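Please open the model in your viewer and keep the selection tool at hand. The stops below go from a pocket to a strand, a helix and some backbone angles.

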Amino acid sequence: MNRWTLLDIAPTSGSTGELRLYKRGEEFSIRVGSCELMNSRVHGSEDALGELACAKIADRPRPRVLIGGLGMGYTLSAALHGLGAEGRVVVAELVPTVVVWNRGPLGHLAGHPLQDDRVTVREIDVARITRAEPRAYDAILLDVDNGPKGLTRKGNDRLYGLSGLREVFASLRPGGVLAVWSAGPDPAFTQRLRTVGFKVDEVCVRTRGARGGARHTVWIAERTAKPVQQKPRTNRNLGGLL
Ligand SMILES: C[S@@+](CC[C@H](N)C(=O)[O-])C[C@H]1O[C@@H](n2cnc3c(N)ncnc32)[C@H](O)[C@@H]1O
């Protein structure tokens, strides 16, 4: 068995410090600390994230999709396959070096999706886009950690909490879809999606697609007509806390 070779190190803005890119034979791995963020050997569930979300919105006129983050480009590639010529995809990638890797040694893995004219890359925290652009997207696809908990950086936690999810809800067009990748189920996150007003479907996806493999989770959350209103906090609500 070949040994892993460290190809490059990318500094990140978060407390975790850096992403590292490794290669072993034809296989690539992106790691953060001691955790693997993405591996090129199996990507069925990352493909499924793109396929399931775009299947829901592909019929819309000029569908607009936001993907956070780029990783090795598999979700982006699957989304592009699911959209017609009129579709447009914005990819938000926090770590600029990951974009450099995708234009270089990782580009061939998912068929060079960054070369597709329908794609715009923004080197930015995806949450800055959802906060700033209301009713802008038909689908928002999130695969920035290994589930709804900050791994790449602690700051991502906010994305999965009620305030982050409300911003995502507002950034979707009515009937639009939020899709989130996770290594496994998370009932509290499912509940938060419902609390914000999403209609939620939790899908079990396999790492090797139709050939099976480990089970991962993708939430497909549809934006309903109106967000659920926050209850006003009265002294009575606060009573138990005082
Ligand atoms: C697990 S990988 C994505 C894998 C991708 N779905 C694929 O198909 O290869 C996570 C990516 O999200 C990026 N990322 C992490 N936090 C982010 C954020 N807040 N905004 C945008 N990108 C982020 C990481 O740098 C990394 O490139």
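**The pocket and its surroundings**

The lining of the largest pocket consists, by class, of 20 nonpolar, twelve polar and seven charged residues, where Ala, Val, Leu, Ile, Met, Phe, Trp, Tyr, Cys and Pro count as nonpolar, Asp, Glu, Lys and Arg as charged, and the others, Gly among them, as polar. This is a predicted model, in which local features need pLDDT of at least 70 and side-chain atom pairs count only at pLDDT 80 or more, while totals for chains, interfaces and linings use all residues. Residues are numbered from 1 along each chain as its sequence is written, and side-chain values use heavy atoms, with hydrogens and water left out.

Select Leu37, Met38, Gly71, Asp143 and Val144, which of the 39 lining residues lie nearest the centre of the largest pocket. A pocket here is an open set of points on a 1 Å grid over the protein atoms alone, where a 1.4 Å probe fits and protein lies on both sides within 12 Å along at least five of seven lines; lining residues have an atom within 4 Å of a point. Next colour strand S4 (35-39), which gives the most to this lining, with four residues; helix H1 (44-57), S5, H2 and S6 are among the elements that each supply at least two. Helices (H or I, at least four residues) and strands (E, at least two) are DSSP runs, numbered from the N terminus.

**Strand S5 and its partners**

Now select S5 (residues 64-68): four of its five residues are buried, so the strand is largely enclosed by the rest of the structure. Buried means under 20% relative accessible area, exposed over 50%, and partly exposed in between, with a 1.4 Å probe and protein chains only. S5 pairs in the parallel sense with S6 (residues 88-92) over five bridges, pairing being assigned if DSSP finds at least two bridges between two strands, and valine 65 has valine 89 as its bridge partner in S6. S8 (residues 137-142) also runs parallel to S5, joined by four bridges, and there glycine 68 is partnered by leucine 142.

Stay at glycine 68 and display the backbone: a cis peptide bond, with omega about -10°, joins it to glycine 69, which is found in the loop between S5 and H2.

In H3 (residues 96-103), select Thr97, Val98, Val99, Trp101 and Asn102, which are buried.

Finally, go to histidine 112, in the loop between H3 and S7, where phi is near 55°, and then to arginine 135, in the loop between H4 (126-132) and S8, where phi is near 50°. Most residues other than glycine have a negative phi.
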